Amino acid sequence: MLMKIRISIFVVFFLFSCATFRDTYPVCNFPEHSPFPGGVINKNLYIRSSQTPEISVEGKSVYLCQVDKNLWKALIPISLINQKNFVEIYHNEHRILNVPIATRDYRESKITINNQDMVSPPAEYLPRIKKESELSFEAINTNSNTFLSSLKMSKPVEGFKSSEFGVRRFINNQPRNRHTGLDLAASSGTEIRAPLSGKVVLIGNFYYKGNTVFLDHGGGLISTYSHMSKVLVQNHDLITKNQIIGKVGQTGRVTGSHLHWQTVLSGIPVDPELFLEEPL
Ligand SMILES: [Zn+2]
């Protein structure tokens, strides 16, 4: 009798398992679809494939997360200087989607810097600046083969937005590069926390950026933290979300104490606000 009950329970459990069995997929919590320069494309792609498909835009592979059988969520950066009306998405050699790109107005900002060395660096600093630019380029193009399914970030510092991403900047009335980060003003010494887990891929004291940490979050997503007064991590450290990585300061070219925060996808800076769990 006991044996019969055991067999019945096993049969019921087996049938229940069969009925409910299916592959489970992550939620793939990406930034909202923001199809404008400095934004990101977030599109679901239906592709019949048992393996991760080869999706690319302009020859660069795309961040993918599988949301269901044959369904993949793709995250694609749009450069601030993009002038095309659409982005073409390829699967292997075949174009599978054209995504229309809208325009977005970015404001102008005019600042005055009296330290002439920071406006036009003396010739002896140029080799240092060139070397730092090469190191930065290499770090923001890191492409480690790990992928997070949630790219939603916490706010890295308790501070207020002092300059948004994308601003067209003029220093002493001369046009300069666009502002490719978000500035959060806070007093010197305020803790900076990693908004997402990652790995430290570069630390340096840069001429313009001051003390800076580069974090690799996998799949071509890098974030950077500049002008720190203190760096509290080391190169190659694995960092958990909300771990303290340093303190706000005013090292490098600054007009006051703040964090310059960048988010870079496939080597292209995009608006960090798009990644925040809660709006600023
Ligand atoms: Zn900045």
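Colleague: Which residue in S11 is the bridge partner of Ile171?
Modeller: In S11, Gln174 is the bridge partner of Ile171. This is a predicted model, in which local features need pLDDT of at least 70 and side-chain atom pairs count only at pLDDT 80 or more, while totals for chains, interfaces and linings use all residues. Residues are numbered from 1 along each chain as its sequence is written.

Colleague: What makes S10 and S11 a pair?
Modeller: A strand is a DSSP run of E with at least two residues (a helix is a run of H or I with at least four), numbered from the N terminus. Two strands pair if DSSP finds at least two bridges between them. S10 and S11 (residues 174–175) have two bridges, so they count as paired. The sense is antiparallel. The two strands form a hairpin with two residues between them, and Asn172 in the turn has a positive phi of about 50°.

Colleague: In which sense does S10 pair with S8, parallel or antiparallel?
Modeller: Strand S8 (residues 108–111) pairs with S10 (residues 168–171) in the parallel sense, over four bridges. Ser109 stands opposite Arg169 in S10.

Colleague: Why are S3 and S7 placed at the edges of their sheet?
Modeller: The order of that open sheet is S3-S2-S6-S7, with antiparallel pairing. Strand S3 (60–61) and strand S7 (94–100) each have a single partner strand, so one side of each has no neighbour in the sheet. Between S2 (residues 55–57) and S6 (residues 86–91) there are two bridges, with Ser56 opposite Tyr90.

Colleague: Which strands pair with S19 in the three-stranded sheet?
Modeller: That open sheet runs S13-S19-S17, again antiparallel. S13 (191–193) and S17 (230–231) are the edge strands, pairing on one side only. S13 and S19 (residues 244–247) share three bridges; Arg193 stands opposite Ile244, and Glu191 has Lys247 as its bridge partner. S17 and S19 pair over two bridges, where Val231 is partnered by Gly246.

Colleague: Why is Lys199 called partly exposed?
Modeller: A residue is buried if 20 or more other C-beta atoms, placed from the backbone, lie within 10 Å of its own, exposed if 12 or fewer, and partly exposed in between. Lys199 has 18, so it falls in the middle class. Lys199 lies in strand S14 (residues 198–206). Leaving out residues up to four places away in sequence, Lys199 touches Leu215, Asp216, His236, Leu238 and Ile239; a contact means C-beta atoms, placed from the backbone, within 7 Å.

Colleague: Where do the domain bounds come from?
Modeller: They come from an automatic or database domain assignment, which gives domain 1 (40–100) and domain 2 (108–275). Their centres, taken over C-alpha atoms, are 27 Å apart. Eight residues from domain 1 and 14 residues from domain 2 make the contact. On the domain 1 side, strands S4 (63–68) and S5 (71–77) are the elements that give two or more residues.

Colleague: How many residues on that side of domain 1 are nonpolar?
Modeller: Six are nonpolar, one is polar and one is charged. Here Ala, Val, Leu, Ile, Met, Phe, Trp, Tyr, Cys and Pro count as nonpolar, Asp, Glu, Lys and Arg as charged, and the others, Gly among them, as polar.

Colleague: How many residues of the protein count as buried?
Modeller: Of its 280 residues, 31% count as buried. The protein has three helices and 21 strands.

Colleague: Where does pLDDT stay under 50?
Modeller: Over residues 11–20, for which the model has zero contacts beyond four places in sequence. pLDDT is the predictor's confidence in each residue, from 0 to 100. The mean for the protein is 91, and 92% of its residues reach 70 or more.

Methods
Two residues are in contact if their C-beta atoms, placed from the backbone, lie within 7 Å.
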